[in-house]
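Subject: Structure for you to look at

Hello,

Here is the structure we talked about. Please open it next to this email and follow along.

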Amino acid sequence: MIHSWSELLPLLPEVFLLGMICVLLLADLYVPQEHRGFTHFLALMILAFTAIITLRAFSIDAPPQSAFDGMFLRDGVSDILKVAMYGVLALVFVYSREYLSERGLLSGEFYVLCLTALLGMMVLVSAGSLITVYLGLELLALSTYALVALNRDSTLSSEAAMKYFVLGALASGMLLYGMSMVYGATGSLDLATIRGATAGLGDSAILLSFGLVFVVIGVAFKFGAAPFHMWVPDVYQGSPTAITLFIGSVPKLAAFGMAWRLLDGGMAGVGEQWQSMLALLAVASLAIGNVVALAQTNLKRMLAYSTISHVGFLFVGLASGSAEGFAAAMAYVILYALMAAGAFGMIILLSHKGFEAEEIEDFKGLSRRQPWYALMMLLLMASLAGFPPLVGFFAKFLVLKAAVEAGLIWLAIAAVVFAVIGAYYYLRIIKLMYFDNPADDQPPVLPSDAPMRWALSASALFQLAALVVWGPLLSLCQRAFT
Amino acid sequence: MESHWPLLSLLIWLPIVGGFLLLTMRQHRASLARWTGLIVALATLALCVPLYAGLDAASADMQFVERVVWVAGFDIYYHLGVDGISVALILLTAFTSVLVLVGAWGSVQDRAGPYFAAFLILEGLMIGVFCAMDAVLFYVFFEGMLIPMFIIIGIWGGPQRVYASLKFFLYTFLGSVFMLIGLIYLYSQAGSFALADLVALKLSATEQMWLFFAFLVAFAVKIPMFPVHTWLPDAHVEAPTGGSVILAAIMLKVGGYGFLRFSLPMTPDASAEWAWLVIALSLVAVVYIGFVALVQQDMKKLIAYSSISHMGFVTLGLFIAFALVRTTDNSDAAALGLQGAMVQMVSHGFISAALFSCVGVMYDRVHSRMIGDYGGVVNTMPWFAALFVLFAMANAGLPGTSGFVGEFMVILAAFQSSPWLAAVAALTLIIGAAYTLWLVKRVIFGEVANDNVAKLKDIDARETIVLVGFAGAVLLVGVWPAPLVELMDASVMKLVAQIATTKL
């Protein structure tokens, strides 16, 4: 029951975004193709205003607000994740504009679908009940299925979309099944109530444990954690790079929010159970991600496996189960989203109509052809690999620290050993760019639009600037969880 | 003592910022880039003067301290400070870097700007390692060095450069990640990343043992010790001259420095318990690797193996101290061992740098590193031959050169522990002389071997500056080691006290 309109205030960013999506959809109908830039501009404006609305009411120490009797929660964690989503999505828009327009894919639908996916993610990270979780998740998933199939003339894209859809539906089914068991065990859909109920149940409730297993599978699928990672490489490779850029970055933030809401928010009482599940998933993801990535020749596929390994690292943080671990994992996922966006942005930068630049070999000798962007790619790769002093190292450092403090030293050691194995394939890119000479038949790097180049350089240089910014980001994340 | 102006930060960041400045320069402005690079390196060297002058060598305390909060939530500080040991290594770094840039002046034509930039960035990071008083900061500098070195070997290296650079990177990276876990564990116990707090922390025997091995893996790879030394010959052979020089002169010392700052004071009981292992591996390095050096056909490989053998003396000196302090309570001899290890590090820095520069001089002319391609160089390059022989003598440990001082001190210390140990260690004087003198005989003396050698021109002014610079340092430390020893004396005595006290 809504008693007064002011109760809806926590939802203001979502309500605003929803309204503006409708406006965008309608406005775009009247925009001729050659003025599609207007839609682009409008979408960026929408993001900016949604960010302003979110930040206006943002206070890290304020008590959580809720709406609809606790079905929707707004707290520091959700706000930080939302702001990060706006930022990364804005980067996605800037990077992909020219790519899409060259290929005739720049349509209002792209923006609308991305924004509805964003809406879904915002609902997801603010979910206070199982229903809200599912609502947000499906809104996100349906939008992304359509995005993957955006290039409907490409068989690879269609195949990827089909795979994604079938496996995604399966995972949603698992999640729902798990939720139904959790409901059966605890008698509630409200996460806070479930949390209270699980605290009393302990290890004795078989039904709850079964439910938990299915919920964890659903979460692992959304993240793309091994062994539920099968869709990741195919979808990453099959989608147009601009869409891969989107899928590879923003939804990870939402997946983290979902995992935290469900596992810590809902089932802290059986924490030991899901922590050990996540630890196993973490090791499997680290192993499969890093080892299989070594064998890839397609850069998008390689980055897909790299994502899997990063998810493994993220799970190391989650498996710690402490506020420290969640803060570390959140900082990790935000920094990772920025790194991944930069890496896919580099592929877009090098590609042009008729040439996708997605083979690793396409980066051969880049330092001779484009010294500046080779340096940017070097920073991004070194950061993904986790070499200090780049931001990727600090992200890993936080997670490892949380794991060691939670007593999971074996997990931390496994994580760093696989990180060393993984270092090889990032180094291989650096090697191709710097140590090899360009092949004669290599297509030239055509100039891209200025905002794209500036944004890309900025996000690569951010990997260095992180020396100064990771402290504040970390304390923000820490305060959000205390 | 709080310093009024951030001398250490300047020493670290001046070369790094200078390096990035060079990266932004256009490719065709190579000569501008060279001059800028040299000026930055000279300015860094000049900054060492107030550092050396301002240091109170009688005190073992950290000086020129800078401490700024870096990450408040985790108690991580941007915390710098130096004592005598650090200053000695910083001087070595700044001095060698200048000579490396001079040496690369004409011999690196391809992408000279980035080459100079990489060395400047590397210099700043290495100085950072020697200044860092916070474990995270140390790790960042320690690991940060890998990327520029990887690039240097990979871009400007020899035919097998890709293999060598990847091997170098992955080997050292694998070693250091265990140290990272160890440091995080220490933090979880001490609640601080400050090195001083970690040294003061009480640890159980099991904890110390695990930490000791975590550190051992990291530093043993870096220094490198037998049997994890195999990356070094590859990296040295394939690296460009400057890369080999920096690698041998300074990066290996980072490993020794790590032992001094981490293993010895933080895990003294485990170090004492496992000292026999390190001593045994050191002796294997000294003797066995010495024999390996004897059979090398490639000059750079020979010097690389000789480096491993000489670094065996460093680890021997560091860990013989435990045997002396803990079993015989002979702290004077322990101090002698540590002093010897330090002097050996500095001296080996000069000698190996000089020898690699010599090989570089010949390689620039003949484009071969094979001993068999040379012979009778003295006939065409008399000045060069004179300097080469000097460095070879120093490498063999001839009294009057710096090579003698460190080895002699370590052998003396070892003798107090056990004459047999000293006897085995002293074998190096024979083996070292054998491989070095045989190298000299085959390369420098004899008849002119072929047309290439007949056409050789003697060293030019630039090369003379480099080699004479190193020769001066080698002789200075050899004849008058007192300033160097006194510089480090107080810090070494403090270290002896630290390793003598149990932390259990």
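In this predicted model, the axes of helix α17 (residues 402–417) of chain B and helix α18 (residues 419–443) of chain B come within 6 Å and cross at roughly 155°. Axes are lines fitted to C-alpha atoms, for helices over the stretch in contact, and angles run from 0 to 180 degrees between N-to-C directions. Because of that angle, α17(B) is roughly antiparallel to α18(B) (angles over 145 degrees count as such). Among the residues making the contact are Phe415(B) of α17(B) and Leu421(B) of α18(B); residues are in contact if their C-beta atoms, placed from the backbone, lie within 7 Å.

Helices (H or I, at least four residues) and strands (E, at least two) are DSSP runs, numbered from the N terminus.

Chain B also has a strand pair: β1 (residues 63–71) and β2 (residues 76–82) run antiparallel over 6 bridges. Strands pair if DSSP finds at least two bridges between them. Val71(B) has Ile76(B) in β2(B) as its bridge partner. The two strands form a hairpin with 4 residues between them, and Asp75(B) in the turn has a positive phi of about 55°.

Between the chains, 25 residues of chain A are in contact with 26 residues of chain B. On the chain A side, α17(A) gives the most, with 11 residues.

Residues are numbered from 1 along each chain as its sequence is written, and chains are lettered from A and ligands numbered from 1 in the order in which they are written. As the model is predicted, local features need pLDDT of at least 70 and side-chain atom pairs count only at pLDDT 80 or more, while totals for chains, interfaces and linings use all residues.

Regards

Methods. Contact = placed C-beta atoms within 7 Å. Parallel < 35°, antiparallel > 145°, perpendicular 65-115°, else oblique.
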